[in-house]
Amino acid sequence: MSRRAKPLLQDESVAKSKPARRRDPAQPNLPFDPMPGRIEPCLALLKPAPPQGPDWAFEVKWDGYRLAIHIEPKGVRIITRGGHDWTHRFPVIAEAARTLGVGTAILDGEAVVLDKQGRSDFGALQRSLGGRGGKRSSTESVFFAFDLLYFDGHDLTGTELSVRRHLLEDFLDGATGAIQLSDEVYGDGAELLANACSMGLEGIIAKHRDRPYRSGRTGDWLKIKCIQSESFMIVGYEQSTVARGGIGSLLLAARKGHDWVYAGSVGTGFNTKNAQELRTTLDKLKTRQPAVPLKGKNLVFAQPTLIAEIEFRGWTKDGSLRHASYKGLREVQDNAAVFDINDKPAD
């Protein structure tokens, strides 16, 4: 099976510039702009509907791990959103980066594992890494690059997205291996979202074409989801004598600045094996001091350590997740991804 993802909408009439001439990485690099050791990522702000107008570019929303690939004269580093070095976890992507033929570059993108339909599958990515805390290296993953932050001695973060995308498209023109271009898709945002949902994709990303690369959740990038999915901290569970693994539901919390706030519970999406593993781990994290103010005789509280990816259909009036379903655990190094309640879109 080809690892090339199926495009959401493909406009074959869109003109592309000629590929940039490949640079000999052995050539000395002139000290133009110092290469940063890390760039805090630009994050997409959740919105209920896509924006309108020609100022916005659209892409598929990938469901995987946000990574930055640093290509340097001394080697390649793959950095997570939280700043951890995961080069050893993605050896195939790292090897592909070494063969790109550039002296220095920083690629921003997402590592995913694709299903047979070319859709990203977060659960499959987790399994390829050996699960949370696993020691395996993923050989099936593909890195979809959607931004170019530094290139051949030049810091591009101050330039507008349209310029960065132009350079990125030239750089990765025709790439089909472990590093590929995350294609821009063309059309009306509402139509693209409907198309994405009908194909079983997670949603779309909208990016303002004229904005520089700004770290944080500035509103320059927006995410619009078919089914909402975010990361929440597990702060305990409700015991059950009849449910699989003895867990009736998991208690979830979101960030609120530097504090935790209760976000509801989830009782579906995990099987007996998942529940048993979760209970074993959570029982080792037991605490008498709940991370959020909750009371109940069947509640077991845990230190806020495990991060769960949760699908849900919205929010109740009292601020709890509606129709939540458990997807899997995220790595502890991905703590920065826990949902902040301040980012919840207005109804």
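Predicted model: local features only at pLDDT ≥ 70, side-chain atom pairs only at ≥ 80, totals over all residues.
At 3% relative accessibility, W86 counts as buried.

A search of the whole structure finds 13 aromatic pairs. Y65 and W86 make an edge-to-face pair, because their ring centres are 5.3 Å apart and their planes stand at 70 degrees. Y65 belongs to strand β3 and W86 to the loop between β4 and α1, so this pair ties together parts that are 21 residues apart in sequence. Y65 and W86 also belong to one aromatic cluster with F90 and F122.

F232 and W315 are edge-to-face, with 6.2 Å from centre to centre and 65 degrees between the planes. F232 lies in strand β12 and W315 in the loop between β16 and β17, so the pair ties together parts 83 residues apart in sequence. F232, at 0% relative accessibility, counts as buried, and W315 counts as buried at 15%.

Finally, I come to helix α1, which spans residues 91-98. Which of its residues are buried? They are I93, A94, A96 and A97. Why do they lie on the same side of α1? The reason is that they cover an arc of only 160 degrees around the axis. The buried residues of α1 pack against β3, β4, β5, β6 and β8.

Methods. Residues numbered from 1 in each chain as written. Heavy atoms only, no water. Buried < 20%, exposed > 50% of the residue type's maximum accessible area, 1.4 Å probe, protein only. Helix = DSSP H or I, 4+ residues; strand = E, 2+ residues; numbered from the N terminus. Arc of directions from axis to C-beta. Contact = heavy atoms within 4.5 Å. Phe/Tyr/Trp six-rings, centres within 6.5 Å; stacked < 30°, edge-to-face > 60°.
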